[in-house]
Amino acid sequence: MKKKILCLVLVFCFSFTFVACKKKDNLEKQAENLTSYEISVDLNVETKTATASQTVYYVNSSEDALKQIKFHLYPNFFEEGFLDYVVPHNKLNEAYKNGINYGNFDVSQVKVNKENSQINYEGEAEGILCVNLNNALLPEDVVQIDIDFSFTLPNCEHRYGYGNDTINLANFYPVACVYENGAFETSPYHSNGDPFYSEIANYKVDITLNKKYVVASCGEKLNEEGVNDNKTVTYQANVVRDFAMVISDKFSIINEKVGGTEVNYYYYKDNYPESSLKAGVDAVKTFSDFYGEYPYKTLAICQNDFVYGGMEYPTLIMISDDIEDADDYKNVIIHETAHQWWYGMVGNNEFVYPWLDESITEFSTLLFYKHNDGYNLTYDEMIKALKSNYHLFYTVYSDVLGTLDTSMRAVNEYQTEPEYVYATYVKGVLMYDSLYDLVGEKKFLASLKDYFNENKFKIATPDDLYNAFSKNCDKEVSKFFSSWVDGKVIIR
């Protein structure tokens, strides 16, 4: 009996090692020939200011010779004069609990292949940095771009800013715009949704700060060194779409291993931390089974000062400390974990097609409850509630406005935040529930698994989604989707 147990242990250990090595090999292969960012941040936690530098090894993956590279400067929208871009008016008091406060972001120097370069700015809030290249960058060639910058964080409980308990460093650095169809995509920051769009890249980031503070970060910690009252922590995140950190001197941390991934929960105000961690672990298991393996070694679930319920970043999710109900809190954890598949690994233009990742993610959350007992939310009850809420919303808004555009559209095309939420989340879930009933769970999950595998670490479009369902359901589904997206379906 002991011998048999020993053999089982050895088999388990070998299997676990094999899974971990397989993950590493797959990511290392994917990391080849990607644009890479090396970022250094020196953060003063008292003044909420920082000096920073980044080196970008930009790979021209297009078929065009490029004479210019454009970067999003999302922090510019947190400066005075652009408040409407950051949060809608009904969220101002929640985002700025200590009063309206502005940040500042400044690029001090840019070099191309270590030589000074001409730059200019364009767009709202001068939110696009245009770096002119000294020589045209041919397809598959690489150019080194060095950018020195500094910033002052706004006292704003948002992705980029700080509150009473955490400092949130997301979208804080110049990130290369996606180049497609012969041009760079330069949509601005917007208060509706998550108006981001970026390619998969490799990141190596170090941050220097007071040693009392704990950093929750994308990626894996490579090193930590302390000098006097400060420390420098270095992280590596390969084959990810973005990079973010949350910083606090109040964090407690618990963790659990699932497969080859360590799930770490950073919190400071949670009476049931083990239950919250379990939701994240169960979500990683479930969505790995549904769609495809979670390939990264870490996932950080991070409680923070945040105006919305939650926010996804690769291998890191933010959960607002304003959520008081335990079931709602776990629901956000599950939703944001699903985003690791939808937008994290399978990317899309969230500005133009916000429903493409959000609707799948929210429906995935409901499917989670269908396959996991022990949670106080059920699929059928949630669908019933969503239908009721949508009918009420439609009736009220139609009475007030006289008419209501029910199409699912770009984030800047919604007049109000509730319109965006009901079209993208509520209607999006009802759309997938209708398709789920039509084709059955087996074909439905096979379609999403195929969509995931075909578009993993790439940029997906609605057509990619339609093709995956048409292929696996043996029927043309583009008209089904377009009827919902274009607002032609009447929800009963």
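The legends below describe close-up views of a predicted model. Residues are numbered from 1 along each chain as its sequence is written, and side-chain values use heavy atoms, with hydrogens and water left out. Because the model is predicted, local features need pLDDT of at least 70 and side-chain atom pairs count only at pLDDT 80 or more, while totals for chains, interfaces and linings use all residues.

**View 1. The largest pocket.** The largest pocket has a volume of about 1,000 Å³. Its lining holds 32 residues, and the closest to the pocket centre are Gly309, Val332, Glu362, Val421 and Tyr425. (On a 1 Å grid over the protein atoms alone, a pocket is an open set of points where a 1.4 Å probe fits, with protein on both sides within 12 Å along at least five of seven lines; lining residues have an atom within 4 Å of a point. Grid points are joined across faces, edges and corners, and a volume is the space filled by probe spheres set on the points.) At least two lining residues come from each of β22 (310-313), α5 (326-338), α6 (354-371), α7 (379-401) and α8 (417-439). (Helices, H or I with at least four residues, and strands, E with at least two, are DSSP runs numbered from the N terminus.) Helix α8 gives the largest share, 7 residues. The lining divides by class into 16 nonpolar, 7 polar and 9 charged residues. (Ala, Val, Leu, Ile, Met, Phe, Trp, Tyr, Cys and Pro count as nonpolar, Asp, Glu, Lys and Arg as charged, and the others, Gly among them, as polar.)

**View 2. The second largest pocket.** This pocket has a volume of about 530 Å³. Of the 27 residues in the lining, Leu34, Val59, Ser61, Glu199 and Ile200 are the closest to the centre. Strands β2 (49-59), β11 (175-176), β14 (201-210) and β25 (458-459) each give two or more residues to the lining. By class, the lining of the second largest pocket has 15 nonpolar, 7 polar and 5 charged residues.

**View 3. Helices α5 and α6.** The axes of α5 and α6 come within 8 Å and cross at roughly 125 degrees. (Axes are lines fitted to C-alpha atoms, for helices over the stretch in contact, and angles run from 0 to 180 degrees between N-to-C directions.) The two helices are therefore oblique to each other. (Angles under 35 degrees count as roughly parallel, over 145 as roughly antiparallel, 65 to 115 as roughly perpendicular and the rest as oblique.) Their crossing is right-handed. (This holds if the near helix is turned clockwise from the far one by less than a right angle; anticlockwise is left-handed.) On α5 the contact is made by Asn331, Ile334, His335 and Ala338, and on α6 by Glu358, Thr361, Glu362, Ser364, Thr365, Phe368 and Tyr369. (Contact means heavy atoms within 4.5 Å.) The contact has 4 nonpolar, 5 polar and 2 charged residues.

**View 4. Helices α9 and α10.** Helix α9 (residues 441-455) packs on helix α10 (residues 462-473) at about 135 degrees, with the axes 8 Å apart. These two helices are therefore oblique to each other, and their crossing is right-handed. Residues of α9 in the contact include Phe444, Leu448 and Tyr451, and those of α10 include Leu465, Ala468 and Phe469. The classes are 8 nonpolar, 3 polar and 4 charged.

**View 5. Helices α8 and α11.** The angle between α8 and helix α11 (residues 478-485) is about 155 degrees, and their axes are 10 Å apart. The pair is therefore roughly antiparallel, with a right-handed crossing. From α11, the contact is made by Phe480, Phe481 and Trp484; the α8 side includes Leu430, Met431 and Leu435. The contact has 8 nonpolar residues, 1 polar and 1 charged.

**View 6. Lys221.** Lys221 lies in strand β16 (residues 220-227). Not counting residues up to four places away in sequence, Lys221 touches Val233, Thr234 and Tyr235.
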